[in-house]
Amino acid sequence: RRLDLYAGLALTALALFSLTLTHSTGAFLLGPPPSMPEQLLWTVAVPLPLIWRRRHPAGVLVLVAVMFIAAQARSAPETQLSSWALFAAIYSLGAWGPDRRLSRRLRVGVIGTMFAWLGVYYAVSVGSIPPDAFAQAVGPVPPVLAALVTGVLVNGLYFGFAYFFGETAWLAARRQHELAEQAEELRRSQAEA
């Protein structure tokens, strides 16, 4: 629990630093940002729930996912560490979710929701692309299609790895537990013999 507290606070502090760097570059990828207090709110609201990620992994995933989408809908400029917080929440539910069926359903539901959100974002933003945005494009794939496919591919890998690593961690812990039980059973058998 102490490690989760430190990790959640560290990720929140890094997100605040990332917000500062984003302001320093002026690269507001999601559009004009909201007021500074609201930006601070979203920057803290997405990663901070990770301090409870092992005790309440399902609730943390739902909360982080809702805050992540809400922050993007409000054009909160900090997206880098927020994305890592979402990755950690998906991983955490896979690694420590006690109900495996609920864990799978929630993770698949959140990933599906994120792809639906990505589709909404693309549908809304495609119309606002300036005509000269892809003036330097020279590849064989139409530029807008290339950008869409790249976004889907990157997000697919991102969510796939979060799911896979969480599932792998749970399976490794299960195997370790089974080996410990077998070793204890073997020890008892030898003691009886």
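Guide: Let us begin with Leu86, bearing in mind that this is a predicted model: leaving out residues up to four places away in sequence, Leu86 touches Leu61, Val64, Ala65, Phe68, Val110, Met114, Tyr158 and Phe159.

Visitor: Which residues have the most contacts inside the largest nonpolar core?

Guide: Leu86 is one of them, together with Leu61, Val64, Ile90, Met114 and Phe159, in a core of 28 residues. Two or more residues of this core come from each of α1 (2–25), α2 (36–45), α3 (57–73), α4 (80–96), α5 and α6 (143–192). In soluble globular proteins, nonpolar side chains tend to be buried together.

Visitor: What makes α3 roughly antiparallel to α4?

Guide: The axes of the two helices, α3 and α4, come within 9 Å and cross at roughly 160°. Angles over 145 degrees count as roughly antiparallel, and therefore α3 is described in that way relative to α4. The crossing in which α3 passes α4 is left-handed.

Visitor: How do the residues of the contact of α3 with α4 divide into nonpolar, polar and charged?

Guide: There are 13 nonpolar and 3 polar residues, and no charged ones. Among those that meet are Leu61, Val64 and Phe68 in α3, and Leu86, Ile90 and Trp96 in α4.

Visitor: Why is Ser103 called buried?

Guide: Ser103 has a relative accessibility of 1%, and buried means under 20%, so Ser103 counts as buried. Ser103 lies in helix α5 (residues 100–126), and, apart from its neighbours within four places in sequence, Ser103 is in contact with Leu93 and Gly94.

Definitions and conventions. Residues numbered from 1 in each chain as written. Predicted model: local features only at pLDDT ≥ 70, side-chain atom pairs only at ≥ 80, totals over all residues. Heavy atoms only, no water. Helix = DSSP H or I, 4+ residues; strand = E, 2+ residues; numbered from the N terminus. Buried < 20%, exposed > 50% of the residue type's maximum accessible area, 1.4 Å probe, protein only. Contact = heavy atoms within 4.5 Å. Core = buried A, V, L, I, M, F, W, Y, C linked by side-chain atoms within 4.5 Å. Axes fitted to C-alpha atoms, helices over the stretch in contact; angles between N-to-C directions. Parallel < 35°, antiparallel > 145°, perpendicular 65-115°, else oblique. Left-handed = near helix turned anticlockwise from the far one by under 90°. Nonpolar A, V, L, I, M, F, W, Y, C, P; charged D, E, K, R; others polar.
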